[in-house]
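I opened my notebook to look through this structure one topic at a time. Here is what I looked up, in the order I went.

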There are 2 protein chains.
Amino acid sequence: MISEKMVALVKNSSVIRAMFEEGKRLSELYGAENVFDFSLGNPSVEPPEEIKKALTCVINEESPNLVHGYMNNSGYEDVREAVAEHINKEHGTDFHAQNIVMTVGAAGGLNVILKTLLNPGDEVIVFAPFFGEYRNYVSNFDGELVVVSPDTTSFQPNLLEFEQKITAKTKAVIVNTPNNPTGVVYSRQTVEELAAILHKKQRELKTSIYLISDEPYRELAYDGVEVPYLTKYYSNTIVGYSFSKSLSLPGERIGYLAIPGEIDDFENVVQAANVANRILGYVNAPSLIQRAVARCLDAKVSLEHYNRNRELLYHTLADYGYECVKPQGAFYLFVKALEEDDREFAERAKKYNLLIVPGSSFGCPGYCRIAYCVDYAMIERSLPKFKELAEEYK
Amino acid sequence: MISEKMVALVKNSSVIRAMFEEGKRLSELYGAENVFDFSLGNPSVEPPEEIKKALTCVINEESPNLVHGYMNNSGYEDVREAVAEHINKEHGTDFHAQNIVMTVGAAGGLNVILKTLLNPGDEVIVFAPFFGEYRNYVSNFDGELVVVSPDTTSFQPNLLEFEQKITAKTKAVIVNTPNNPTGVVYSRQTVEELAAILHKKQRELKTSIYLISDEPYRELAYDGVEVPYLTKYYSNTIVGYSFSKSLSLPGERIGYLAIPGEIDDFENVVQAANVANRILGYVNAPSLIQRAVARCLDAKVSLEHYNRNRELLYHTLADYGYECVKPQGAFYLFVKALEEDDREFAERAKKYNLLIVPGSSFGCPGYCRIAYCVDYAMIERSLPKFKELAEEYK
């Protein structure tokens, strides 16, 4: 009785989420300390202390009807102004409240902007490996996902193929840096080349191609690496941000779209995003947490924890013979599977209670994603298992 | 550059929301005390004290990673169990956690269940007058909205026409009682007749027709009137609930779907709803507020305030010559416009700084909606204006 689209979707229901549930099942069976769940990007680091303080202040000091009531569908004016000023301070942009739409996380933001832009059949380009949900988000609005194949030596985007895949039907390009699942950060050079291709193709095709920058991992960058702010390189850029990882609040569903005044058709895009936020059933980003994050825009989770995890896991797995590009951001390792079939490999890992996600879920077979946003001690306990798994293949 | 669908939507952007913004503009111009904004269902009654206590407890006593982290896309297991038990206690149902999907308000819930059920071209029946957003929600999934014309004597559903409009393509029927915009509560007799028609038509057509009960106003019922719980009258019923009005939390975006085990294709529907919640970009209902409402399921806003408003406004407007069915629930009066064109009438009202919403927005021209979820004192101040407006037409 359910819709045909949903029949297929239920069947292929997110491998990642299924693993999350599988992890809970195995924990009950073997004890939580003997299951090594690297499947989900659910931060293990607690939100910074500022969040608790901010929530407490908002609850005790602000009017309940303001805090829990409706506001403009794009969010509270003062919250949007605070977000705009924060971005300006960090990145030298010139945003105001009207450039910001508060959204139900980055997922909500992406759906809002895709609803705003896409006619059925419009093409949206993504670079493999990519967050698998992009496929569903684009399909929600009957767009066509166009996948650029991965460059598995560096996991920087394959720009030669990108240029070839841009057509008159290309409406948007989604990039995600620091990247899920590789942890790779697009270098300034990469961004400049990408922007040059887009500029050239816009001129050639006489179309507008919007670059959608999905940035839940912006604040998670290691070794002082620069994460270029894309609006400064390409004027048709729209940023989708989330506080899920930067403040460890993934369950709260809070993020924003930053829509620069320079983009083509700005007035309509901003107004349509406001309407889309409403009619997609979000109505508005959750209110209390909007007001709370506005009070701690300078706060960040401790990166040190993730960095320690990264160093331990990367170096030890390398010692065991696993191949992997060292990630500079996010909290994922994207490791080459030890056999051709990544799904088989992930199944084999499960025998050691190691839960990792096949790269096929990210449009990149032959690899697996290991989310290291977990306890350090769990990583330590898991290492002998990774070793045994590697030895199976020797 | 925006999508064709959105061009039209932006143009006809919600009259109600536009009024909300207009109200803010007029307030700046004439002073807030001289503007009488009856346009939006934004509760004026504060949330019950339990909400503040619950939020404070959750923030101080529960683990931050639990409170702000990801959970199953359908919501926390313990929250869903608590919600199920509460409904069982109130309505003698037999729900468990697996019957409950926590959603981003009722709007989120409706979109989730429509995404779950609708193939393009499937028909969804609504009874005029109806909440205008149903049109957008059904259109989100390329469904066809089929409108049953209003019975303006009682504003109970027109069941004769309803029966005629059910076809083999009818996938769902949305009802909303207590009703927005009329405040009418469907009587037990109405519900029994509606259920009988659905049963008969299901047998005749050999299809499943789901009854979606949109219940944000369930708790707002006056004079001890009974609001029948629809799952008990028709087994293919799915309930969409919201805490927006019952706890004055509309900005928080928190509600649930209750999906009884008796509905056709239960397993698939429940699983698809879980997936739909994820891929529509909600991911899950906001986490902190999920945990907070679970602690105060027995709490309710004070009905006394709304009841006082209802009595004052209903009786005074009747004295002035306005025609209106006395509402038994929600916080709206649906008043006959004093001229044929309800949009003209609402414009005329605006000259008195009275903001009311034309019935055309609800598929029922010739009427206007007055939301009385406002301060009593504002209603008192507005009455001379309603009188002057009525006198214009004498």
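First, a term for my own use: two strands pair if DSSP finds at least two bridges between them. Helices (H or I, at least four residues) and strands (E, at least two) are DSSP runs numbered from the N terminus. I am working with a predicted model, where local features need pLDDT of at least 70, side-chain atom pairs count only at pLDDT 80 or more, and totals for chains, interfaces and linings use all residues. Residues are numbered from 1 along each chain as its sequence is written, and chains are lettered from A and ligands numbered from 1 in the order in which they are written.

**Entry: strand β3 of chain A**

I began with β3(A), residues 123-127, and asked how many of its residues are buried. I call a residue buried if 20 or more other C-beta atoms lie within 10 Å of its own, exposed if 12 or fewer, and partly exposed in between, with C-beta atoms placed from the backbone. Five of the five are buried, so the strand is largely enclosed by the rest of the structure. E123(A), I125(A) and F127(A) point one way, while V124(A) and V126(A) point the other way. In general, side chains in a regular strand alternate between the two faces of the sheet.

Next I looked up the partners. β3(A) runs parallel to β4(A), residues 144-148, and five bridges join them. Within that pair, V126(A) stands opposite V147(A).

**Entry: a loop residue**

I then checked T152(A), which lies in the loop between β4 and α8 (159-165) of chain A. T152(A) is partly exposed, with 18 other C-beta atoms within 10 Å. From T152(A) to P129(A) I read 23 residues in sequence and 9.2 Å in space, C-alpha to C-alpha.

**Entry: the antiparallel sheet**

In chain A, three strands form an open antiparallel sheet in the order β9-β12-β11. Its edge strands, β9 (332-336) and β11 (357-358), each pair on one side only. Five bridges link β9(A) to β12(A), residues 367-371, and V335(A) stands opposite C368(A).

**Entry: how the chains meet**

How many residues does each chain give to the contact? I found 66 residues from chain A and 66 residues from chain B, counting two residues as in contact if their C-beta atoms, placed from the backbone, lie within 7 Å. On chain A's side, α10(A) gives the largest share, eight residues. That side divides into 31 nonpolar, 25 polar and ten charged residues (Ala, Val, Leu, Ile, Met, Phe, Trp, Tyr, Cys and Pro are nonpolar, Asp, Glu, Lys and Arg charged, and the others, Gly among them, polar).

I also superposed the copies by least squares on the C-alpha atoms of residues with pLDDT of at least 70 in both. A rotation of 180° with 0.0 Å of shift along its axis brings chain A onto chain B, RMSD 0.0 Å. That is the relation of a two-fold axis. The same surface serves both copies, as 100% of the contact residues of chain A recur in chain B.
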